[in-house]
Amino acid sequence: CGGQGGSFAVLFPLQFPNKLLLLAMFSTCIGGTFQCGYNISVINAPTKYVQDFINSTWMQRYQSNISENGLTLLWSTIVSIFTLGGLVGVSIGSTLSVKLGRRGTLLTNNCFSVMAALLMGLSAFAGSFELLIIGRLLCGINAGVALCVEPMYLGEIAPTALRGAMGMGTSIFLTVGIVSGQVMGLEEILGREEYWPFLLATTCIPAFLQLLFLPWFPESPRYLFIDRGNDEGCRKALVQLHGLAGSEGALKDIQAEKNNLVGFKARKPWELLADRSVRWQVITIILLNAAQQLNGVNAMYFYTQYVFQQSGIPTDKIPYATVGTGACECLTALTCGLLVECLGRKVLIAGGYILMSVCCILFTLTLALQHVSPVFPYLSVACVFAFVLSFGLGPGGVTNILTTELFTQTSRPAAFMIAGSVNWLSFFFIGLVFPFIVIGLQHYCFLVFFVVCSTVAIYILAAIPETKNKSFLEIQNEFQSSKKKTDVLPDEAEALLVSTSL
């Protein structure tokens, strides 16, 4: 990516996905991470209307107003049960991806979304807030399955040279889903009180789009060849996805991986955790997925309303500013998709965490100095956008790509179950603990996130090899060779100790 006149090539890889691969990415992501992002953000707009509905329903049933604590508990349950559903979805997603295939699991997953939309849409007419709770649980299950299986499918259908760019579809559509949920919740669209059941029910639209388009695309060629032994189906899928010229090289790569996995069956998560040969890969995905939730990006969104108010933005205009923040994250996800095959995974994710570390320090200082000068509120706004941009540039998208690339076919479903479980548990943990961190440390809470971001950046630079343009087998061999080097050191130290004692 360089040379005279190569500035355009620096930004855009020389090879682009063909139209069919792009359509496959759209069909996969629209019913997957797009729905996840949409359901994360869409619940924020009707907060007051849903709380009023809970209060009126309680009054009709028990002829008394619900207590403030009871209302808070029910509302918190409606919001946070999405996380519990995500954890359940990850648990079943990896198992279904082996039994039904990657594409088959994604199609089946839409049942949860359609049922959720039906329950939430009918909740107001039925006078039952319990339907909202069940609907949000089903939305979470849908999101958990999608975040587990979608990156696997995209990584397995993509050519090696485009695996990173295709994998970024997960992050791009997640951010587009978040922005779409924010936009749909604006008062001019479906943000009015009478429309909130329809707003929550719109989650079925991307599900129907996926059910309409995804069946036209083949199952993962790697799944067909390695897991099912369907050689002919694999060849047809490769020709359909890569064309006749590109299918031969991809088939050789899949055959080499299968030969290396002779005698191996799909692993369970506990088997993967006990396998010392993939110890560093497992440690890496656990650390990266925990950091993806604990790096402070959710805390930054928590502070956006306060920061925007301090900078003079009218209260009724803050939702539009929040949409702008989400749009920035979406823009950087697209930029990361263009750069990931040029700069590589390691540069983007390590650079993102380094920039986030700097932003944590600067944001802490600007919040502490809010009343010293009128310029500091505007600097705080700049820090918010810089932090979100840094997250979208690397950690937001590259994490899932690395989870796909660090494992071979028989280990990948279990790896995604471990990574997804850590991710959702960290999401739940930060939602539970963050309010207390804010109360205790106030704006100095970002010093905690500084420690997280800087620690992860150091680990990435020291321990993770570059995976760009490498086959899954080459990446595994590189980890094993680095492991042998680290294992030699204790042996040498032990020999030196013995000789010294003698």
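Student: Which side chain does the side chain of arginine 412 make a polar contact with?
Tutor: The partner is the side chain of glutamine 409, and the polar contact is 2.9 Å. Please keep in mind that this is a predicted model.

Student: And where is arginine 412 found?
Tutor: Arginine 412 is found in helix H20, which covers residues 412-441.

Student: Is arginine 412 buried or exposed, and why?
Tutor: Arginine 412 counts as buried because its relative accessibility is 0%, and the cut-off for buried is under 20%.

Student: Which residues does arginine 412 touch, leaving out those up to four places away in sequence?
Tutor: On that basis, arginine 412 touches Met152, Glu156, Glu257, Thr404, Phe407 and Phe472.

Student: Changing topic: which helix does leucine 137 lie in?
Tutor: Leucine 137 lies in helix H7, residues 129-157.

Student: What is the relative accessible area of leucine 137?
Tutor: The value is 26%, so leucine 137 is described as partly exposed. That class lies between under 20% for buried and over 50% for exposed.

Student: What does leucine 137 touch, not counting residues up to four places away?
Tutor: Leucine 137 touches Ile81, Leu84 and Gly85.

Student: Now the helices. At what angle do H8 and H19 pack?
Tutor: Helix H8 (residues 163-184) and helix H19 (residues 395-405) pack at an angle of about 125°, and their axes are 8 Å apart. This angle makes H8 oblique to H19.

Student: Is the crossing of H8 and H19 left-handed or right-handed?
Tutor: H8 passes H19 in a right-handed crossing.

Student: Which residues make that contact?
Tutor: From H8, they are Arg163, Gly164, Gly167, Met168, Thr170 and Ser171; from H19, they are Gly396, Gly397, Val398, Asn400, Ile401 and Glu405. The residues of this contact of H8 with H19 comprise three nonpolar, seven polar and two charged.

Student: How do the axes of H8 and H16 cross?
Tutor: The axes of H8 and helix H16 (residues 318-343) cross at roughly 170° and come within 9 Å. H8 is therefore roughly antiparallel to H16, as angles over 145 degrees are classed that way.

Student: Which residues make the contact there?
Tutor: Among them are Ala165, Ile172 and Val179 of H8, and Ala327, Leu334 and Val340 of H16.

Student: How do the residues of the contact of H8 with H16 divide?
Tutor: They divide into 13 nonpolar, seven polar and three charged.

Methods
Residues are numbered from 1 along each chain as its sequence is written. This is a predicted model: local features need pLDDT of at least 70, side-chain atom pairs count only at pLDDT 80 or more; totals for chains, interfaces and linings use all residues. Side-chain values use heavy atoms; hydrogens and water are left out. Helices (H or I, at least four residues) and strands (E, at least two) are DSSP runs, numbered from the N terminus. Buried means under 20% relative accessible area, exposed over 50%, partly exposed in between (1.4 Å probe, protein chains only). A polar contact is a pair of N or O atoms within 3.5 Å; within protein, one must be able to donate a hydrogen and the other to accept it, and residues adjacent in sequence count only if both atoms are side-chain atoms. Contact means heavy atoms within 4.5 Å. Axes are lines fitted to C-alpha atoms, for helices over the stretch in contact, and angles run from 0 to 180 degrees between N-to-C directions. Angles under 35 degrees count as roughly parallel, over 145 as roughly antiparallel, 65 to 115 as roughly perpendicular and the rest as oblique. A crossing is left-handed if the near helix is turned anticlockwise from the far one by less than a right angle, and right-handed if clockwise. Ala, Val, Leu, Ile, Met, Phe, Trp, Tyr, Cys and Pro count as nonpolar, Asp, Glu, Lys and Arg as charged, and the others, Gly among them, as polar.
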